[in-house]
Structures are given as structure tokens and as C-alpha cells.
Amino acid sequence: MSATRSPTAMDERRIVSAGSLQQIEMVSKYSALRDRLRTSGHPQVRMSFDEITNLLPGGLPPSAYRHDAWWSNEDAPESTHSQSRLGWMAAGYTAAADRTTRQVVFTRIAN
């Protein structure tokens, strides 16, 4: 008699990890920023572009310095802004960047 079992969390992780390598690279690119924000314990975190660059493999892309839209707070699964979706939004924060001073204020999203 064979027993059937429902999928476990381990099964779900295997399915997720079988995703495209491109998606896995995006997750790892912004995971250090996400983790820094998650562990900060502060309702607001101010960081310079240089501090963020030092956290990210390959640093910030040129578009982060040139376009306000790069700092948009998008977390929809279909969003192409993986930096927000997998970075600060995944940590529960929004970003407000000042490209002139090269500073970002991350603000915790109220629950």
C-alpha cells in the first residue's frame, strides 16, 4: 500500500530553485541589500550610493545614477525592476533616492 503525501516546503524550494538562472542571479544581486535592511531594526535607513555599491556584486548599474525610475517602488511579480522587488521591497521598505546627493532613504512599510 503506497501512501501519498502532499508537497512540503522542501518540495516547493526545489521547484523554485529549478527556475531560470537569470532569475537566480537577480535574487543574489540584491539579497545583500535586502538582508541589510531586514536586519537594521530601524524604521528608516539612510545609505549612500557608495554604501549600496559596496553591498552589490558589480555595484549599482549606471541607470541608478541617471534615472529616478530605477528607484521606483515596484513589487509586482511581473515588474522588471528586480532591484526594488527583490531588494528593498522584499525587506519591507520603500526607497526615496536623491541622485544629486547620491543618498537613498529606505522607509519601512507600515503594517
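Predicted model: local features only at pLDDT ≥ 70, side-chain atom pairs only at ≥ 80, totals over all residues.
**Entry 1: Glu 51**

I started at Ser 48, whose backbone nitrogen sits 2.7 Å from a polar atom in the side chain of Glu 51. Residues are numbered from 1 along each chain as its sequence is written, and side-chain values use heavy atoms, with hydrogens and water left out.

Where is Glu 51? I found Glu 51 in helix 3, residues 49-55. (Helices are DSSP runs of H or I with at least four residues, strands are E runs of at least two, and both are numbered from the N terminus.) Glu 51 is partly exposed, at 40% relative accessible area; buried means under 20%, exposed over 50%, and partly exposed in between, with a 1.4 Å probe and protein chains only. I also looked at Gln 103, which is 52 residues from Glu 51 in sequence and 9.3 Å away in space, C-alpha to C-alpha.

**Entry 2: salt bridges**

How many salt bridges does the structure hold? I got 2, taking a salt bridge as a side-chain nitrogen of Lys or Arg within 4 Å of a carboxyl oxygen of Asp or Glu.

One joins Asp 68 and Arg 99, at 2.6 Å from N to O. This pair links distant parts of the chain, 31 residues apart: Asp 68 is in the loop between helix 4 (62-66) and helix 5 (82-88), and Arg 99 is in the loop between strand 2 and strand 3. Arg 99 is partly exposed at 28%.

Asp 35 pairs with Arg 34, the closest N and O atoms being 3.0 Å apart. Asp 35 is partly exposed at 34%.

**Entry 3: the loop again**

I went back to the loop between strand 2 (93-98) and strand 3 (103-108), where Arg 102 lies. Its phi is near 55°, a positive value in a residue other than glycine. Arg 102 is partly exposed, with 43% relative accessible area.

Note on methods. Polar contact = N/O pair within 3.5 Å; in protein donor to acceptor, adjacent residues only side chain to side chain.
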